[in-house]
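Student: Can you walk me through this one? I'd like to go piece by piece.

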Amino acid sequence: MNVIIVTACPSGMATSFLAARRLEQAARRRDWEPLIDMRSQFERELVLSDAQLAAAELVIVAASPMTSAGLERFVGKRVHVAPIEEALPDPAAFLANAEARARVLEAKDIADVAATVSTTASGAASAAGGEVAHKPSIVAVTACPTGVAHTFMAAEALSEAGRALGYPTRVETQGSVGAQDALTEQEIAAAEVVILACDIEVDPTRFAGKRVWRTSTGTALKKPRDTIEQALEGAEMESATAAGGQGSQQKGEKRGPYKHLLTGVSFMLPMVVAGGLMIALSFVFGIKAFEEEGTLAAALMQIGGGSAFKLMIPVLAGYIAYSIADRPGITPGMIGGWLAATLDAGFLGGIIAGFLAGYSALGLSRFVKLPQSIESLKPILIIPLVASMVTGLVMIYVVGTPVAGLMATLTEFLESMGSANAVLLGILLGAMMCFDLGGPVNKAAYAFGVGLLASETYAPMAAIMAAGMVPALGMGLASFIARAKFAEPEREAGKASFILGLCFISEGAIPFAAKDPLRVIPACMVGGAVTGALSMLIGAKLLAPHGGLFVLLIPNAINVPLMYLGAIVAGTLVTGIGYALIKKGAQQVETAAAT
């Protein structure tokens with residue numbers, strides 16, 4: 001039987017795609033011939049020919065709202081219309097019900113049908129004896145170190161998984177532009193569970209008294225349904241003390257030194273980007289133009305190199321300490337970071353200062369008991385004073401000199417590397433960037449490159465950003481040159497992946513890696529290693545740690561732009577062509593939110 005299936009959801013993204021794929025699979029199992037019209041902000045509206053409309057024996061519309069489904073096209077056809085939420089739990093039963101209940105659609109009935117279905121969707125809880133109304137509501141916060149890709153992808157995954165499971169879900173994103181879709185006090189108060197899917201520390205004080213489940217953005221993105229189910233079962237009450245940064249670690253929560261380091265890197269990153277681009281802009285007037293006082297080039301260098309780059313290490317240390325001890329850690333952390341910078345201890349000294357200050361402040365907060373009358377002085381006087389003194393003295397008399405020597409040795413080694421060593425380092429950094437696509441290994445390599453910028457060592461950062469672009473670009477290329485091996489949704493995902501790759505968002509390759517990890521990840525690592533090696537071999541130096549190819553538009557942001565672009569192209573070709581050759585034919589794979 002020839003069937004037209006139309007799906008549309010309010011966000012025009014994941015639910016529409018998910019319902020379309022599951023309904024298509026279920027239809028083919030019934031030996032139907034489905035024609036899919038998936039309404040999405042990434043898809044063009046399907047224009048049905050007269051022949052296709054005439055051949056259709058049944059039209060199934062799963063949409064919310066109905067106005068987005070284009071019902072006018074199907075006047076005179078047997079049509080079944082329902083909210084998209086009804087299609088997700090059991091697609092086979094939904095199709096059987098649609099076949100049995102379909103009726104010929106008349107023009108005068110379109111408005112009534114749309115209104116009836118919308119009312120049914122909003123009142124489903126009442127019609128079902130209040131089942132949905134009593135399901136717990138969920139609020140969530142997502143945040144990743146760079147605040148660009150994982151933050152928003154995890155938020156969408158949680159929203160769509162919650163909707164598919166029938167739980168009202170609201171997600172706040174704390175990305176690079178700050179908090180968006182911020183949760184209100186009323187929403188937090190009404191929620192039964194709070195999910196903090198964060199790779200960096202976020203302020204949990206507003207969730208005191210709520211059941212909280214902590215996890216990573218990667219877990220929420222790849223396993224959103226499991227995350228919600230685990231949160232509903234295992235979330236623990238957040239006490240006021242725990243919200244203040246002294247809570248115990250939950251199962252599912254990845255805290256500890258790595259998370260504290262990423263928090264510091266996250267807050268430092270805008271400083272690095274702004275400072276690096278200011279330095280690059282000063283070079284527009286000539287590489288040595290900033291040496292002439294009073295010129296615009298000198299002013300730009302003063303802003304970028306003289307201010308932003310000097311603040312990088314204090315900000316890194318301050319927010320590492322903040323992640324450990326909350327606000328009492330910021331002051332000793334920044335003081336320790338400034339000492340690290342002035343002692344030439346570099347980013348390694350800043351990291352040590354941050355952890356030293358954070359754990360000093362945390363220890364004072366936890367273990368120093370004072371009379372109630374002066375307890376309020378701890379966060380504003382005692383902790384900043386004592387923790388700053390401890391951190392400062394240790395940095396000056398113990399840590400500063402040896403770490404400064406270590407940084408000098410490392411910097412000298414990196415600057416004087418022969419071609420063979422440079423290529424080996426590029427291979428290592430490139431492979432790390434492509435191993436887990438925004439995961440811990442990727443972030444470790446990225447943090448290493450960003451930290452070296454404070455020591456004016458720019459080559460590793462160039463290799464890291466170039467290699468990080470390869471996975472998403474390679475998947476986009478593979479979906480283009482081997483179209484027959486990719487299903488239509490995968491080809492569309494490939495287009496989006498290519499654009500994300502241009503922006504240095506390697507997470508664009510995640511949908512492909514999730515479906516075929518044993519082929520995608522090795523192909524990406526080989527391509528990333530090639531790009532990293534070539535970048536180091538040609539001596540590419542990058543002043544800004546983010547921005548992708550668009551950074552090349554800024555003069556002198558990269559010292560050898562054409563050869564650098566060639567390195568990226570080479571790695572993309574290796575990954576794209578390699579994966580195109582080893583990939584099996586198109587497979588329909590259901591997403592995690594529905595399984």
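**Working through the chain**

Tutor: Let's start with one residue. Val470 sits in helix H18, which covers residues 459–481. Keep in mind that this is a predicted model.

Student: Is Val470 buried or exposed?

Tutor: Val470 is buried, because its relative accessibility is 0%.

Student: Which residues does Val470 touch, apart from its close neighbours in sequence?

Tutor: Skip the neighbours within four places in sequence. Then Val470 is in contact with Cys524, Gly527, Gly528, Thr531, Ile568, Gly571, Thr572 and Thr575.

Student: How far apart are the C-alpha atoms of Val470 and Thr575?

Tutor: They are separated by 7.3 Å. Along the chain, Val470 and Thr575 are 105 residues apart.

Student: What share of contacts joins residues at least 24 apart?

Tutor: It is 72%, counting contacts in the chain between residues at least 6 apart in sequence.

Student: Let's zoom out. How many helices and strands does the chain have?

Tutor: The chain has 22 helices and eleven strands. It has 595 residues, and 51% of them count as buried.

Student: Now helix packing. What describes two packed helices?

Tutor: Two things: the angle between their axes and the distance between the axes.

Student: Okay, at what angle do H13 and H14 cross?

Tutor: H13 is residues 330–342 and H14 is residues 346–367. Their axes cross at roughly 155° and come within 8 Å. An angle over 145 degrees counts as roughly antiparallel, so that is the word for H13 and H14. The crossing of H13 past H14 is right-handed.

Student: Which residues make that contact?

Tutor: From H13, they are Pro332, Gly333, Gly336, Gly337 and Ala340. From H14, they are Gly346, Gly349, Gly350, Ala353 and Ala357. By class, the contact of H13 with H14 has four nonpolar, six polar and no charged residues.

Student: Where is Asp31?

Tutor: Asp31 is in the loop between helix H1 (14–29) and strand E2 (33–39). Asp31 has a positive phi of about 65°, although it is not a glycine. It is exposed, at 64% relative accessible area.

Student: One more pair. How do H16 and H17 pack?

Tutor: H16 (residues 419–435) and H17 (residues 440–453) pack at about 135°, with axes 6 Å apart. That angle makes H16 oblique to H17. H16 passes H17 in a left-handed crossing.

Student: Which residues meet there?

Tutor: Leu429, Met432, Met433 and Phe435 of H16 meet Val441, Asn442, Ala444, Ala445, Tyr446 and Phe448 of H17. The contact of H16 with H17 has nine nonpolar residues, one polar and no charged.

Technical notes:
Residues numbered from 1 in each chain as written. Predicted model: local features only at pLDDT ≥ 70, side-chain atom pairs only at ≥ 80, totals over all residues. Heavy atoms only, no water. Axes fitted to C-alpha atoms, helices over the stretch in contact; angles between N-to-C directions. Helix = DSSP H or I, 4+ residues; strand = E, 2+ residues; numbered from the N terminus. Parallel < 35°, antiparallel > 145°, perpendicular 65-115°, else oblique. Left-handed = near helix turned anticlockwise from the far one by under 90°. Contact = heavy atoms within 4.5 Å. Nonpolar A, V, L, I, M, F, W, Y, C, P; charged D, E, K, R; others polar. Buried < 20%, exposed > 50% of the residue type's maximum accessible area, 1.4 Å probe, protein only.
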